[in-house]
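Subject: Structure handover and findings

Dear colleague,

Please find below the structure that I am handing over to you.

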Amino acid sequence: MKRLLAFVLVAAMSTGAVAAVDPRTVPTQLPPAWQAKTRAVFKEAIEIPSVHNRGQVPRVAKLLADQFRAVGIPDSDIHFMPYEALPGDQTEALIVHWRSPHATKKPMLSLGHMDVVEAKREDWKFDPFVFREEGGYFYGRGTSDMKNGDVATTMATVKLISEGFKPDRDVIFFYSGDEETRGVGATLGSTRWRNLTDAEFGLNADGGCATYDRSFKPLGCGISTAEKTFQTYFFTTHNPGGHSSRPRPDNAIYDLADALEKLRTHRFQPMINAASRGYFEERARQEGNSPLGQQIRAWLANPNDGAAADAIEANPLEVGLTRTRCVATMLQAGHADNALPQSAQATVNCRIMPGVEPKAVQAELQQMVGPNVEVIPDPNYVGVPTPASPLRPDVLKAVTAAIQRFHGPQMDVFPMMQTGASDGSFFRAQGIPVYDVDGGWGISPDDERAHGLDERLPVRALYDDVLHWEMAIKALAS
């Protein structure tokens, strides 16, 4: 369902900056023994095809649980939670409770998901479920979305426990099994299983942070404090049909095509919130007096300026940040090549701005396409708008310290709104603020392959992520 890496949402800094050293060639600070342990767990995780309806998510849960168990987390604090996601998809969540011997604060929550998007062997250059290391990268489905975060949070904790660290608050780890489809696990985790997950705040590993451009200039790290609401609608047209040798003036496919053309050019009202304002203020600083910088400043001055918002979203790295966006993703029509279609249907996926009700978007879409096209929401998933999380100074301080330790003070850290959706939204909806703060990084746009072909992650990024989470957990649990 989700993972749009944070580096999709940042663009190049000023051309006057000096090109940096390729970060992929900089040695990691993670000791070799821990590199070997982390790589072994990561390889095993990638080679488990934890796609919906394959029944493999419990294998990932066992793999992670075994790491926690090996350093003394008792079985009584390791919970395997089976549930059904999509109809017939039996999956599982994992909840691990690392207890403080002298807790002085409310627990904090670490979020991740163990499922991955389907990947077809015939589409990839190599088997997506065979782990590969090549050219400074780890390849395979889930390397960046998001088994890297699962392994990093787990191994960081294993390292901390092994080295004798005692937290001042409990740390709870929640790994769901269907984030990429329905989010039932996160729904249960934030409600029915709240006795196992209740926390003061959550840190989400499903969201990358530091980014470089192709000349290796640092582009910054966005801490996502808000998410758009995920909602799918179906556009359906109906027609009596008939024999293909006698075409009618009306046609279900043509009617649907007309509706989709209206969708293609439709623009929702621009909107701004605290998270997106923080992001664009940083982007305006980065851009200086460039045309994009001027457009951003014009929009910040007047968020109702649709022309400025359009100009911003004309940049491919800024799409989806100024307004609700909807796009057709699948089509189904007709029943025979010699028959006129009796129905045609398009799947339209929307990412709705925080605070906007999906019913309001449905009404706007219905008005746009007219009465001859039926617009209904996906009955299997009803999006719920969630509030933005207030940016905590302690989280900002801890993440900034970790990011700048490995990437230098030139890697700015700032709030942002995520255009995708994650398990974090379900916990936000139940009053637990969540922050996307993973330490994974990549080169933009070359490494933007989540949900796509030949998914990959820089080798150093995995090892840096372990250290990143070690620092963040230690700072926030002390």
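This is a predicted model: local features need pLDDT of at least 70, side-chain atom pairs count only at pLDDT 80 or more; totals for chains, interfaces and linings use all residues.

An open sheet of four strands runs in the order 12-14-10-15, and its pairing is antiparallel. Strand 12 and strand 15 (374-377) form the edges, each of them pairing on one side only. On average, and with direction ignored, neighbouring strands of this sheet are turned by 25° against each other.

Eight bridges join strand 12 to strand 14, and the two run antiparallel. Towards strand 10 there are ten bridges, again with an antiparallel course. Arg325 has Arg351 of strand 14 as its bridge partner, while Ala333 stands opposite Ala344 in strand 14. Thr236 faces Gln345, which also belongs to strand 14. Strand 14 is mostly covered, with eight of its ten residues buried.

Helix 10 (residues 358-369) lies across strand 10 (229-238), strand 12, strand 14 and strand 15. Its direction makes an angle of about 30° with strand 10.

The disulfides

A search of the whole structure finds two disulfides. With bonded cysteines counted along the chain, they follow the pattern 1-2, 3-4.

Cys326 and Cys350 form a disulfide in which the sulfur atoms are 2.0 Å apart. This pair links distant parts of the chain, since Cys326 is in strand 12 (residues 325-333) and Cys350 in strand 14 (residues 343-352), 24 residues apart. The link is right-handed, with 115° about the S-S bond. Cys326 has a relative accessible area of 13% and is therefore buried, the limit being under 20%. Cys350 is buried as well, at 0%.

The other disulfide is formed by Cys209 and Cys221, whose sulfur atoms are 1.4 Å apart. Cys209 lies in the loop between strand 7 and strand 8, and Cys221 in strand 9, so the pair ties together parts that are twelve residues apart in sequence. Cys209 counts as buried at 1% relative accessibility, and Cys221 is buried with a relative accessible area of 0%.

Ala252

Ala252 is located in helix 6 (residues 252-265). Its relative accessible area is 0%, so Ala252 is buried. What does Ala252 contact, leaving aside its neighbours within four places in sequence? The residues are Thr237, Asn239, Pro341, Gln342, Ser343 and Ala344. The C-alpha atoms of Ala252 and Asn372 are separated by 9.7 Å, although the two residues are 120 residues apart along the chain.

Helix 11

Helix 11 (residues 393-407) comprises 15 residues. From its first C-alpha to its last it reaches 20 Å, close to the 21 Å expected at 1.5 Å a residue. The buried residues of helix 11 are Val395, Ala398, Val399, Ala402, Ile403, Phe406 and His407. They cover an arc of only 135° around the axis, which puts them on the same side of helix 11. The general rule behind such a grouping is that an α-helix has 3.6 residues a turn, so residues three or four places apart point the same way.

The cover over these buried residues includes strand 7 (201-204), strand 8 (210-212), strand 9 (218-227), strand 16 (413-418), strand 17 (434-436) and helix 13 (459-476). Among these, strand 9 is also the element that holds Cys221. On the face turned away from the buried side, helix 11 carries the exposed residues Pro393 and Lys397. Helix 11 is followed by Gly408, whose phi is positive, near 90°.

Yours sincerely

Notes
Residues are numbered from 1 along each chain as its sequence is written. Side-chain values use heavy atoms; hydrogens and water are left out. The expected span of a helix is 1.5 Å times one less than its number of residues. Buried means under 20% relative accessible area, exposed over 50%, partly exposed in between (1.4 Å probe, protein chains only). The arc is that of the directions from the helix axis to the C-beta atoms. Contact means heavy atoms within 4.5 Å. A disulfide is a pair of cysteine sulfur atoms within 2.5 Å. Two strands pair if DSSP finds at least two bridges between them. Axes are lines fitted to C-alpha atoms, for helices over the stretch in contact, and angles run from 0 to 180 degrees between N-to-C directions.
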